[in-house]
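This report covers a pocket and a helix pair. The sequence and structure come first.

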Amino acid sequence: MIRNSASEMAGKLASGEVTSVALTQAHLDQISAVDKDVHAFLHVDMQGALAQAAAVDAKRKSGEKLSPLAGVPLALKDVMTQKGIPTTCGSKILEGWRPPYDSTVVVNLKKNDIIILGKTNMDEFAMGSSTENSAYGPTHNPWDLTRIPGGSGGGSAAALAAFEAPLAIGTDTGGSIRQPAAVTGTVGVKPTYGGVSRYGLVAFSSSLDQAGPCARTVLDAALLHEAIAGHDPKDSTSINAPIPAVVAAAKSGNVKGMKIGVVKELNGDGYQKGVRTRFEESLELLAAAGAEIVEVSAPNFEYALAAYYLIAPSECSSNLARFDAMRYGLRVGDNDGASAESVMNLTREVGFGREVKRRIILGTYALSSGYYDAYYGSAQKVRTLITQDFNKAFEKADVLVSPTCPTTAFKIGEKANDPLAMYLNDIATIPVNMAGIGGMSLPSGVAEEDGLPVGFQIMSPVMKDDRMYSVGAALEAALLSKWGSPLLSTIPALAGSK
């Protein structure tokens, strides 16, 4: 039962074949069986989840009209606030904090009667590419427990791959939904910036952060996308426009006559051979489905990584100033006579991890007097050039594609002392966030070198998210026909995941 897709589970719930309580309990049992090895969750809300499930079953029994995903369980990244449930952002500085309100994404999940199982592990304040920067220990990739599950949303992706949840919520600042999806063989979508409300999403880099759906199939991602998206007056960056027809696109999967642009700058030196091989095979399948494959160039993508690592730390430096030990969270050194400044310094020293401190220092320097124009200002100009490159490319193609990551999942600890090597893992995903467009990663197979999953990235123009679902569904169907069964059916067995 736990290996079904979310849409299959929804069908069984609607027909009465299974109850939401039984389905939720099955996932809670799987978490109990495997999470000691995977460590996808930071908090499991067993009582709350079963109570939600019982309420949905009661509604269904009374004949109430329910949403398509009503009663289906979900894992929530620990960067989204949920009233009364611990929200740590993977940091010691927020250990034990229970928010007094729900984020808009959580409000929408509850409105759609989607069952929230608990909060998933993540890189501290979403800063990282491996989920090794969590203050509560790393998450392990279910394909190989010695390897990373991607980051910063490694917990959400690992929960899907370990069959602990059929759906999850992630957030994507520079690839933190798509990159974990790629290395765990799952589907992850970064919607158009502003398409899903950021209210209640604990901010890392406000102009880049975007919540989005994580799932095991393209249709499941579309159903969750539709459930959480929409205009929100509480978020000043929320787009007041209809939600793109993502579910209809995922169901049709029609790419006949579509132009698919291969970004020359996102597929070359530094990309693992197995990654490139699976990418080329996927392009052939899309061409066979009726799409026209064209090459496009985006010369300013070369500067995206450098610009990102000025903009994101600068905004993080500003956003994380609120964690000052005065209002909420951890407080250290508050002894008789201690000054506010010393308490603040001691608390931030103990409460923040190494990567968060590194980015705060980088950002504070980039924003400092005399350097603002040279660094942050210049990076914003590069961002404009990247957006212009996308606009020109979309004049030649309906969607753009690339490998999601240059490599498969690396070993835990392998890049822990080399932040620049770690940052390069997001080289293909960062441009999407810089321009605010939509991006999706779906599995395209495994690399022959190591048998680990490879991701295929699809990029669509602003508020044309339905296009990437059409292409994703077409590729997924072609690959499923080729493989005979979903990629995750070949994942090495985890205890209890029958």
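Helix 16 supplies six residues to the lining of the largest pocket, the largest share of that lining. The model is a predicted one. The space in this largest pocket comes to about 520 Å³. Its lining has 25 residues, and those closest to the pocket centre are Arg-216, Thr-217, Glu-476, Leu-480 and Pro-486. Helix 7 (218–228), helix 8 (246–252), strand 10 (438–446) and helix 16 (465–483) are the elements that each give two or more residues to the lining of the largest pocket.

The second topic is a pair of packed helices. Helix 10 (residues 304–319) packs with helix 13 (residues 373–396) at an angle of about 125°, and the two axes lie 9 Å apart. Angles from 65 to 115 degrees count as roughly perpendicular and those over 145 as roughly antiparallel, so helix 10 is oblique to helix 13. The crossing of helix 10 and helix 13 is left-handed.

On the helix 10 side, the contact is made by Ala-304, Ala-307, Leu-310, Ile-311, Ser-314 and Glu-315. Helix 13 contributes Tyr-375, Tyr-376, Ala-379, Gln-380, Val-382, Arg-383 and Ile-386.

| Site | Nonpolar | Polar | Charged |
|---|---|---|---|
| Contact of helix 10 with helix 13 | nine residues | two residues | two residues |

Note on methods
Residues numbered from 1 in each chain as written. Predicted model: local features only at pLDDT ≥ 70, side-chain atom pairs only at ≥ 80, totals over all residues. Heavy atoms only, no water. 1 Å grid on protein atoms, 1.4 Å probe; cavity = no way out; pocket = protein on both sides within 12 Å on 5 of 7 lines; lining within 4 Å. Points joined across faces, edges and corners; volume = space filled by probe spheres on them. Helix = DSSP H or I, 4+ residues; strand = E, 2+ residues; numbered from the N terminus. Axes fitted to C-alpha atoms, helices over the stretch in contact; angles between N-to-C directions. Parallel < 35°, antiparallel > 145°, perpendicular 65-115°, else oblique. Left-handed = near helix turned anticlockwise from the far one by under 90°. Contact = heavy atoms within 4.5 Å. Nonpolar A, V, L, I, M, F, W, Y, C, P; charged D, E, K, R; others polar.
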